[in-house]
Amino acid sequence: MLACDDTVSRAVWSLKVSELSTVKFGLLNKIALSAVLALAVCLSFRGEIILNGDGLEYIVQTQSLVFDRSLSIETSKRSEYWNQTNPFERLLQETAPPLHELSEQAQALGGFGGLYPDRFGDWRYYHFFTYALFAAPLYWLFHFGQPLLVVNEYEIFRVFNIICLVFPLLYLGLQRTSLVTVITAILLFLSPLIPYTDWQHPELLLFALILFSLSLALSPRYAPFAPVVLGIAATQNIPIALFFPLLALLSVENYGVHYVISRKCLAGYFFGAAVSLIPFAYYEYFFGVRSVIEAIGQASISHASVTRVIELFVGPMVGAVWSFPAVFFLAASLSRRGILLSLVSFVSIFWATWLCTATVNINSGNLGSSRYMVWLLAPLVFFLFHPRFRLQHLGKNIRSLAFVVGIFVTLYVTSHFHLYELPEKRVARFIHKNRAQPEVASLYRYLGLRDDIEVFAENVRGEEFSSPQAFNGVYIWNATPELSYWLVSKRALRDSGTLRWSPSNNLSLHFSAREFSRTAQGFELDPRDERPFERHPVLGSYLFFSIPTSVRPEEIKSRAQIFIR
């Protein structure tokens, strides 16, 4: 009897020690995760505030809401205030007279960006105002509280973006925190996320809204509000509406079909879908079109292509795999349910990305990968952080092995592409027109990957195209001393006549390519010859090929514009 009591006492004591140990390590993991997120906040505050991308448009839109309580932009008021207060050393000028026809030529000019006249003669931005609406209360606080806060009011966009980045990860990560969560957070920040806090842009807001909507979908009490939150996010970028099926599937997986088709839940989806369509009604009322960006020729569904989608994921210069490696390589460690749902979400991500490729300038204002990837990949980030799907503890099982392998692959990609520079905001090599780097060249050379030709050409010439017609030259990247990549616009070849290349080495003795014709002096491209041109949905026809040597400017004779990098 005593022996039995002793055994029971030992078992109880062992259980208590185990529970205390679990609580202790759980608390340490929560402290470690909070420290990682606190470090991310500190790194996000580094450096002076800068103006990026369409930032001026979102700032002026926010100021109009705060000071004028209006979405129509009074250009004289806004330019006067901007010129007196902005820290960016950029001035706004007088706008052009408003035109009655909506076209690219109707833009306000004066440095205001995408500002166009509506059918009532007022100026309005072609980007929807969701981001400005969310940022406006904080801007109001910083503006009218400046004497007490001692902070520049233009800093609020960085503060707002940091909140959008950190709070969702804190909310998800502090639920049954483990060492796996801490490691995942560290690796996730080896990406453009921290530098994007400096951008006066909606990407991190959409990231937060998507994470919160997916979290709500798992709550029996708040699941009907999940589609409403997602619908709000979709007002800023309509491809987000393609995540509605994922929301529904999450609820079905957890509560069954009967719950999702209940009156309360269906009302939530109906309202969420209606909210996502508000921008169409807004533009229809004020401009008489469903989308201003589409009406002025900056986007068309005919431009979207699966090829461009694939290039946005694995293209050497802008591939999301190379800028957000943790999101892809740690996903193999998810639970069986998590793997299934993440695969379903990846289908949604793929088609949402396809819709994003309908825009004319897919390479506008990026760090590493397309900035759309910040919110496009949010569902995968959700599965990596939510305790129901992520790996909880490392052990002797296949998921733990997949996680460890994912760590090493992520660290290798981080080292190869210098992603460790991003948390410190050393972004020079990641800017959207400066991606022709040696580490990128290795993917061209050894894996045979290539980028969308818009991305390639803009990185070779060092600036964005003002319009598709500007793709009218020869773009050569000397990737290594023994290898160059050529991109030749058919338009340039047609308008400028024969291109002649006379290599200064003895390449002509052993080189031949179907793109070139051999001559006594070297090689030539004659527009009258039949060539294997490829077709780009936006920029038109082109040749793309490689030559086993680098090229010097003096070796090429052509009336076309020659860009060599």
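**Entry 1: salt bridges**

I searched the whole structure, a predicted model, and found 18 salt bridges. I counted a salt bridge where a side-chain nitrogen of Lys or Arg is within 4 Å of a carboxyl oxygen of Asp or Glu. I numbered residues from 1 along each chain as its sequence is written, and used heavy atoms for side-chain values, leaving out hydrogens and water. In this predicted model local features need pLDDT of at least 70 and side-chain atom pairs count only at pLDDT 80 or more, while totals for chains, interfaces and linings use all residues.

I looked up R158 and found a salt bridge with E155, with the closest N and O atoms 2.6 Å apart. Both R158 and E155 are buried (under 20% relative accessible area; exposed is over 50%, partly exposed in between; 1.4 Å probe, protein chains only). I then found E155, R158, D198 and K425 linked in a network of salt bridges.

Next I took R337 and E253, whose side chains form a salt bridge at 3.7 Å, N to O. R337 is in helix α18 and E253 in helix α10 (residues 244-255), so the pair ties together parts that are 84 residues apart in sequence. Helices here are DSSP runs of H or I with at least four residues, strands are runs of E with at least two, and both are numbered from the N terminus. R337 is partly exposed at 35% relative accessible area, and E253 is partly exposed at 32%.

**Entry 2: aromatic pairs**

I searched the whole structure again and found 48 aromatic pairs. Rings of Phe, Tyr and Trp (its six-membered ring) pair if their centres lie within 6.5 Å; planes under 30 degrees apart count as stacked, over 60 as edge-to-face and the rest as tilted.

Y444 and W477 make an edge-to-face pair, with 5.3 Å between centres and 90 degrees between planes. This pair links distant parts of the chain, since Y444 is in helix α22 (residues 438-447) and W477 in strand β3 (residues 473-480), 33 residues apart. I noted that Y444 and W477 are both buried.

The ring centres of F471 and Y475 are 5.6 Å apart and their planes are at 10 degrees, so this pair is stacked. F471 is buried at 0% relative accessibility, and Y475 is buried with a relative accessible area of 0%.

**Entry 3: S348**

I placed S348 in helix α18 (residues 336-356). S348 is buried, with a relative accessible area of 10%. Leaving aside neighbours within four places in sequence, I found S348 in contact with L242, F243 and L246 (contact means heavy atoms within 4.5 Å).
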